[in-house]
Each structure stands twice: as structure tokens, then as C-alpha cells.
Amino acid sequence: MFSFAMMNLVDFFGEKIAAVNNGFLLCGFFKCTSYWPEDGRPYVALGKILSKQSKTAAARAVYEKGCQATQGENPYIWQCWAVLENKMGNMRRARELFDAATVADKRHVAAWHGWAILELKQGNVKKARQLLAKGLKFCGGNEYVYQTLALLEAKANRYEQAQYLFRQATKCNPKSCASWLAWAQLEMQKENNLVARKLFEKAVQASPKNRFAWHVWGVFESNIGNIEKARKLLTIGHALNPRDPVLLQSLALLEYKHSTANLARVLFRKASELDPRHQPVWIAWGWMEWKEGNIPTARELYQKALSIDSTTESAARCLQAWGVLEQRAGNLSAARRLFRSSLNINSQSYVTWMTWAKLEDDQGNNVRAEEIRNLYFQQRTEVVDDVSWVTGFLDILDPAVDSIKKLLNMDQDPYKKAQEALRNISRGEEKGGDDSSAGNSSSNNIGNDKEGGGSSGLDLDSFIKERLSLDATKLDVNLETSAAGPAPWRGQSPRSIWKPVKSNRKNVAKF
């Protein structure tokens, strides 16, 4: 077994080799652009390499040169340039470039989708829908477009529309693990647990080594009380992805709740050694130690998480959790500073605002508590969705309108919904086939157990043995860690951590 020092040495030389290889690639692509200036592919590849190396100006120059050399007719260069500007925060320029890509080739679906994602992040939902609809109209069915539209429908609580769109995404690409997982989570929210499990099975069959599939499925089984199955799924995921800290983090939380804190500590320590800069591991570990009454250790672990990066969403959650710890410990001024710092990072956190307001209520500061609640409602960003797009959008979809109308019937019984969903994902369904052609084999397995305790259709042990060469009887997590393991970081003083993060949000900072 490699020591961690040896692993760091391997990583070091790996980075050096990669740098040399990138140098050769850059030279090669530069030569390609001089020999074949009208070919857009070298510009795209060269720009991406430079972008990954944070050489933004050079990447921009390459894309601009490529567009000139190809006379603006290559949509791939425009699209990559737009992505670069988007990452740099130049939204107006990114929109112009996405537009140029669609003008160069209206069938370039990546441009329509990338532009729509930009608009979504800016809160322009209606514009994003229009762009996605154009993508489908000009490019035909596409899994990414369908998936994004389905997620929008799910967020708007339009279940039947979302389910239909997920079905289209998986028909476009049955190997799309992301689409199966997103659909499964929709069914989880609707408490259609047997349907969700069937979809998780589809996800791991589509991508057997995908760490997200095993992780989300394991968490799902844990949440509905199937602890042994959850433990097994997370362990399989870890066996396939031994350097992923997230799987170990979830396994540690599961063991803490259903086994012992000592076992959970070993798993947390191992996860932290795999990736010392993964903030959620330190935060979850700190939460466990707080629950165990080890307040000083919890503070050290929270402090370690913040020392990694104090500006991320994870840092905001860490500050909020630490604030609750200090509130319960009676350190109210510290708790207020922590809540303020959390909100300076993420002013949209309802939980943090209301936790702070409750603190003030508990102290009898009712006026201050009401001010905090009002401030939350004044500054929150509210995205308003528009349902008027539905009629026009459905007209451009390929399937028959009659079958869509059935999907949009909001009066269906939830049990019948589960039956229909299972029929649609049964193995007998052919791509593009009618919903009724799938037969009744899957629906007969539903039973009356909506909570998901029934058996699934996938023989998990046989699957992992045949597809992954894993023996279900020998699955285990190697709990060895480095000699003493890294002690929780004892770095800055607590007061330096509690200092609010600088922010332009004056309304938050004034508290």
C-alpha cells in the first residue's frame, strides 16, 4: 500500500508529466492552425487547453482568430468562446457569442442549451424556456435539452410534464445516467419509492461505475429505512471509487446514526485524508462531534473547514452550523457574528435568517427578530416562472398531442401514476413505443407498498459480479488510515473566523 507521502510524490510527477504533454499539445495545435487555418477543430482544442490553464486572454485571442479564419461560420468556436466569457462573468458578451453560434448553425444544440443555462443562472426562466424550445425545434430531440426542461418543470411542481420530459431524455439516450438519476429524484419527492428504485437501477445499469448513482441511491435507501441496502450500495460505490470522499462521508453519517460514533470517526478521518480540502467532510464530522458533546473538537473541525475557503456555499453552511453550536452553548454574540458571516456569503439562506430570528425571539428581542425576517423577504431573489409557454411548446414536440394530454391530466390517482411510470421504464419498452405497449409486468410488482419496502427487479449481487467483478460477500471498507491521522486543524483564533466576510450586501452587513 502506498503511503500518503508516496501518493503525493506520484501526484507531483503526474502534474509535471501532464504539463509537458500539454506543452507538446499546444505546439501541435498551433501548427495545425497555421497549416489548416480554415479548420475550426484546432482552435477549439487550443482554446480549451489555454482556458484550463487560466490563460484567459490567450484563449480569447485563439477563439477570435479562429472565428476570423473560418469567416464566422464555425458554431463550435463561437460556442466555446461564449462559455469562456460566461465563466469570466461577461454575460452580455457571452449572449452575443451564443447568438453568433446559433446564427452560424441553428442546429448547433450545444449553443442553444448553453445560452439557456446562462439565462437560468440569471433568473430569466422564460427566456431560457424559449431557447430550449428553439433547440428542440431546430435540432430535434436532445437529452440535455429535455433534461433541463424536465428539471424546470419539476421545480415548478408540474409533475406530469417533468415526467414526460425525463422519459424523452432517456429515450434519446438510454445510457444517460444523469437523466435517470434526475428522474429518480423527482419520483422520490413524490414518494413513489418503487418507481424511484427502478430508475436508480436504470442509472447504475447505464453507468455502473458512476459514483453519483451509487451515492444518491444509497442515501435514498437510508432515508426510507433500508439501512442494510443503503450500507451495501455506498460500500459498492466506495469499492468502485476508492478515492471519493463523499461516499465515505455519507457512509460515516449512516454508521453514526445506526452503529457507533467511533466507526463514523474512522470513516470521517479516512475521507478527510482522501481529500483534505473537501469542506463538507469536515463540516459533517464537526456536526457529529457536536452531537456527541465534544464541543471543542467540533469547533476545531468547523475552523478547519473554513480555513480551506471561507467564501463558498459550504462555508456558509459551516458558519450557520457553527452559529447554532454557539447559540446552544450560550455564546450569543459569537452566534450572531457567525450567522452574519454566513449571510454575507449566501444572503438567500432562509434557514440562516430564520435561525437568527429565532435566537432573537428566544432572547425577548421581538422587534429585532421581526427586522431580520423582514430583511430576508426584502432582499430575497424570487424567480417567477411563466406557464404561458406550455401550449406553444407542446406543439413543436414530436409525440402525438393526445398522449401528452393524458400525461397532463392532474386528476389521476397517485397509485395509477406509479403504475404508469413503471410501465414506461420497464425493460420491455421499446424506444419510441406507445406507453401501453410495455405490458403489465412492472405494474404487477408494485403491490400496495408505496414506501418502497418491496423487492426490486435488479439482482444486485449478480449485477456487480458480472459487470463489475465484485463479490458481494467480500465487500468491505478498508478502515486503515495514516499513522495517527491528521488532527483537526488548530489554526486561527476563533475570533478571526467569526469576523464577517466582506460583502457588498449592505443590508446584511448592517446587522
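I looked up tyrosine 376 first. Its relative accessibility is 8%, so tyrosine 376 counts as buried (buried is under 20% relative accessible area, exposed over 50%, partly exposed in between; 1.4 Å probe, protein chains only). Phenylalanine 377 has 45%, so I noted it as partly exposed.

The model is predicted: local features need pLDDT of at least 70, side-chain atom pairs count only at pLDDT 80 or more, and totals for chains, interfaces and linings use all residues. Residues are numbered from 1 along each chain as its sequence is written, and side-chain values use heavy atoms, leaving out hydrogens and water.

Next, pairs. I found 16 aromatic pairs in the structure (ring centres of Phe, Tyr and Trp, the latter by its six-membered ring, within 6.5 Å; planes under 30 degrees apart are stacked, over 60 edge-to-face, the rest tilted). Phenylalanine 200 and phenylalanine 220 make a tilted one, with centres 5.3 Å apart and planes at 40 degrees. This pair links distant parts of the chain, 20 residues apart: helix 11 (residues 193–206) holds phenylalanine 200, and helix 12 (residues 211–223) holds phenylalanine 220 (helices are DSSP runs of H or I, at least four residues, numbered from the N terminus). Both phenylalanine 200 and phenylalanine 220 are buried.

Tyrosine 376 and phenylalanine 377 pair too: their centres are 5.0 Å apart and their planes at 70 degrees, so I logged edge-to-face.

Last, charges over rings (NZ of Lys or CZ of Arg within 6 Å of the ring centre and within 35 degrees of the ring normal). Arginine 93 lies over the face of tryptophan 81, 4.9 Å from the ring centre. Lysine 190 has its charged end over the ring of tyrosine 159, 5.2 Å from the centre.

Conventions: Helices (H or I, at least four residues) and strands (E, at least two) are DSSP runs, numbered from the N terminus.
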